[in-house]
Amino acid sequence: MVRARAPTVRWLAIVAALLIGSAANSEPIHLACEGGMRANEPQHERLDEKYLMSLVIDLSARTAKPEGHPSVPLRGSVDDEDVVAFASPRASDDVLDGRLNRITGEALIHFLTDPMYEFHGRCHRAES
């Protein structure tokens, strides 16, 4: 009787580990980003202003959310790529597009405002 329970308990432990692991992977990733923000105006000199922002990547919802802006959908595959890309499907949204390198943390985000702004910097996991 003990032998019959051991495989069942082991199997339940494996299933629980897989469920807990997939739940942990589905949690949104909170990033702290530091870099420069600049206006893309051809008639003016493009000066970078130091800028801090948060970025939330939610792989299960397939969205990216820069601080103070609505979420936009992720583009392409997120499982095998080194770069996570996102873009708004509507030209009226204020986050035009962006990309985040998973290895280096380099981020580039374009905001569709008047004038258009560009954030270029590095992101790392935010501390709790």
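View 1. Strand β7 (residues 106-111) pairs with β8 in the antiparallel sense, over six bridges. Pairing here requires at least two DSSP bridges between two strands. Strands are DSSP runs of E with at least two residues, helices are runs of H or I with at least four, and both are numbered from the N terminus. The model is predicted: local features need pLDDT of at least 70, side-chain atom pairs count only at pLDDT 80 or more, and totals for chains, interfaces and linings use all residues. Residues are numbered from 1 along each chain as its sequence is written, and side-chain values use heavy atoms, with hydrogens and water left out. Ala107 has Gly121 of β8 as its bridge partner. Five residues lie between the two strands of this hairpin.

**View 2. Asp114 in the β7-β8 loop.** Asp114 sits in the loop between β7 and β8. Its relative accessibility is 80%, so Asp114 counts as exposed. The classes are buried (under 20% relative accessible area), exposed (over 50%) and partly exposed (in between), with a 1.4 Å probe and protein chains only. Ala39 is 75 residues from Asp114 in sequence, yet the two C-alpha atoms are 8.8 Å apart in space.

**View 3. The whole barrel.** Eight strands close into a barrel, in the order β1-β2-β3-β4-β5-β6-β7-β8, with antiparallel pairing. From one strand to the next, the twist averages 30°. Axes for this angle are lines fitted to C-alpha atoms (for helices, over the stretch in contact), and angles run from 0 to 180 degrees between N-to-C directions. The chain's secondary structure comes to one helix and eight strands. Along the sequence, the pattern reads α-β-β-β-β-β-β-β-β. The chain has 128 residues, of which 27% count as buried.

**View 4. β1 between its two partners.** On one side, β1 (residues 29-39) pairs with β2 (residues 49-58) in the antiparallel sense, over nine bridges. β1 also pairs with β8, again antiparallel and over nine bridges. Strands of a sheet pair through backbone hydrogen bonds, either parallel or antiparallel. Toward β2, His30 has Val56 as its bridge partner, and Gly35 stands opposite Tyr51. Toward β8, Gly35 is bridged to Gly121. Arg38 has Glu118 of β8 as its bridge partner.

**View 5. The Cys33-Cys123 disulfide.** A disulfide joins Cys33 to Cys123, with S to S at 2.0 Å. The pair links distant parts of the chain: Cys33 lies in β1 and Cys123 in β8, 90 residues apart. The rule takes cysteine sulfur atoms within 2.5 Å as a disulfide, and the count comes to one. About the S-S bond of Cys33 and Cys123 the torsion is about 105°, so the disulfide is right-handed. Cys33 and Cys123 are both buried.

**View 6. The largest pocket.** The largest pocket has a volume of about 230 Å³. It is lined by 13 residues, and the closest to its centre are Ile29, Leu31, Leu100, Asn101 and Arg102. At least two lining residues come from each of β1, β6 (95-101) and β8 (117-125). β8 gives the most to the lining, with three residues. By type, the lining divides into seven nonpolar, four polar and two charged residues. Ala, Val, Leu, Ile, Met, Phe, Trp, Tyr, Cys and Pro count as nonpolar, Asp, Glu, Lys and Arg as charged, and the others, Gly among them, as polar. On a 1 Å grid over the protein atoms alone, a pocket is an open set of points with protein on both sides within 12 Å along at least five of seven lines, whereas in a cavity a 1.4 Å probe fits but cannot get out; lining residues have an atom within 4 Å of a point. Grid points are joined across faces, edges and corners, and the volume is the space filled by probe spheres set on the points.

**View 7. Ala61 in the β2-β3 loop.** Ala61 is found in the loop between β2 and β3 (63-66). With 45% relative accessibility, Ala61 counts as partly exposed. Leu74 is 13 residues from Ala61 along the chain, and their C-alpha atoms are separated by 8.8 Å.
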